[in-house]
Amino acid sequence: METKPRPAQNKGTLPPVLVVNATHDLATPLAGARRMAREFPKGRLAVLDGVDHWLYRKCQSPLPARAIDTYLRTLKTPPAGTVYHP
């Protein structure tokens with residue numbers, strides 16, 4: 001008998017999810033990041049206003065990495081609508 005894969009089911013509430021993207025990232029367009037953040041009940045999008053892809057340690061601004069570090073330590077996300085300027 002063949003079984004069909006089923007999506008993973010979460011028990012309990014999901015933690016907040018942080019999505020970080022640049023406005024002009026040619027590898028991962030901002031529209032996709034917006035859609036991804038909307039897919040999670042507590043999804044939050046933070047945006048770097050610039051052309052960049054490596055937003056963690058090789059970014060033109062230290063602010064996205066700080067937000068990511070804070071999120072990883074505490075699960076706190078930046079305020080809705082956060083835009084970082086280089």
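**Figure 1. Thr82 and the residues that it touches in the predicted model.** Setting aside residues up to four places away in sequence, Thr82 touches Leu45, Ala46 and Val47. In this predicted model, Thr82 lies in the loop that runs between helix H2, residues 63-74, and strand S3, residues 83-84. Thr82 counts as buried because its relative accessibility is 14%, and the cut-off for buried is under 20% relative accessible area. A polar atom of the Thr82 side chain also lies 2.5 Å from the backbone oxygen of Pro79.

**Figure 2. Leu75 and its positive phi.** Leu75 is found in the loop between H2 and S3, where this residue has a positive phi of about 65° although it is not a glycine. Most residues other than glycine have a negative phi. Leu75 is partly exposed, since its relative accessible area is 40%, a value between the limits of 20% for buried and 50% for exposed.

**Figure 3. Arg6 in the segment before S1.** The place of Arg6 is in the segment that precedes S1, and this arginine is exposed, because its relative accessible area is 77% and the cut-off for exposed is over 50%. Arg6 and Val17 are eleven residues apart along the chain, and their C-alpha atoms are separated by 22 Å.

**Figure 4. The chain as the setting for the close-up views.** The chain contains two helices and three strands, and from the N terminus on these elements run in the order β-α-β-α-β. The chain is more spread out than a compact globule, because its radius of gyration is 15 Å, well over the 12 Å that the globule rule gives for 86 residues. Taken along the principal axes, the box filled by the C-alpha atoms is roughly 55 × 30 × 20 Å. Among the contacts in the chain with a separation of 6 or more, 61% are accounted for by residues 24 or more positions apart. Buried residues make up 34% of the 86 residues, and the chain exposes about 6,500 Å², of which carbon and sulfur atoms supply 58%.

Terms used: Residues are numbered from 1 along each chain as its sequence is written. This is a predicted model: local features need pLDDT of at least 70, side-chain atom pairs count only at pLDDT 80 or more; totals for chains, interfaces and linings use all residues. Side-chain values use heavy atoms; hydrogens and water are left out. Helices (H or I, at least four residues) and strands (E, at least two) are DSSP runs, numbered from the N terminus. Buried means under 20% relative accessible area, exposed over 50%, partly exposed in between (1.4 Å probe, protein chains only). A polar contact is a pair of N or O atoms within 3.5 Å; within protein, one must be able to donate a hydrogen and the other to accept it, and residues adjacent in sequence count only if both atoms are side-chain atoms. Contact means heavy atoms within 4.5 Å. The radius of gyration is taken over C-alpha atoms; the globule rule is 2.2 Å times the number of residues to the power 0.38. Accessible areas come from the Shrake-Rupley method with a 1.4 Å probe; for residues, only the protein chains shown count as cover.
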